[in-house]
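Subject: The structure, and some notes on it

Hello,

Here is the structure I promised to send over.

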Amino acid sequence: MSAHGDVDMGHTVAGWTGTALALLGCTGAGAALCAAWAPGIWLGLGLVAAAGAVTWVLHLAGWGKPSGPRPRADWDWRTRDAAARTGHADCLGCRVGGPRRAAASRRPRPAELAGREFEAAPIGRA
């Protein structure tokens, strides 16, 4: 059990990589600020921006996680997300990833669901 309880905090390859790069960028920019070296400040800030881009690309490649809880078997940070290939529902990163991902990750609107018959799941079963 972790300090946060028995929950999935989303530790993923994309998250750890992006965090490490952003930390290095902030540290570099801070050190350059203390040294009054303007190009170093911009290099550090550029690394912070690159961290966001790298995290996004890794998420699209399946090394991130969808929103919400995951099954306990998928909690290991090295577990690849098989659903990332088609995009995650309500995920801005997947929608920005291109039209194929945007169409696959978009939830159907109520008007699109009108007329469809749904079978209710028995109580206690998903």
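First, the ground rules. This is a predicted model, where local features need pLDDT of at least 70, side-chain atom pairs count only at pLDDT 80 or more, and totals for chains, interfaces and linings use all residues. Residues are numbered from 1 along each chain as its sequence is written, and side-chain values use heavy atoms, with hydrogens and water left out.

The protein has 5 helices and 0 strands, taking helices as DSSP runs of H or I with at least four residues and strands as E runs of at least two, numbered from the N terminus. Of its 126 residues, 24% are buried; buried means under 20% relative accessible area, exposed over 50% and partly exposed in between, with a 1.4 Å probe and protein chains only. The accessible surface is about 9000 Å², with 66% of it on carbon and sulfur atoms (Shrake-Rupley method, 1.4 Å probe; for residues, only the protein chains shown count as cover).

Now the helix pair. The axes of α1 and α2 (residues 38-63) come within 7 Å and cross at roughly 175°; axes are lines fitted to C-alpha atoms, for helices over the stretch in contact, and angles run from 0 to 180 degrees between N-to-C directions. The two helices are therefore roughly antiparallel (over 145 degrees; under 35 is roughly parallel, 65 to 115 roughly perpendicular and the rest oblique).

In the loop between α1 and α2 sits Ala36. Ala36 has a positive phi of about 55° without being a glycine, and at 69% relative accessibility it is exposed. For background, most residues other than glycine have a negative phi.

Thr55 belongs to helix α2 and is partly exposed, at 25% relative accessibility. Its side chain reaches the backbone oxygen of Ala51 at 2.7 Å. Leaving aside neighbours within four places in sequence, Thr55 is in contact (heavy atoms within 4.5 Å) with Ala14 and Gly18. The C-alpha atoms of Thr55 and Trp16 are 8.7 Å apart, although 39 residues separate them along the chain.

Finally, Thr12 lies in the segment before α1 (13-34) and is buried, with 4% relative accessibility. The Thr12 side chain reaches the backbone nitrogen of Gly15 at 3.0 Å. Beyond four places in sequence, Thr12 touches Trp63, Gly64, Lys65, Arg70 and Trp77.

Best wishes

Notes: A polar contact is a pair of N or O atoms within 3.5 Å; within protein, one must be able to donate a hydrogen and the other to accept it, and residues adjacent in sequence count only if both atoms are side-chain atoms.
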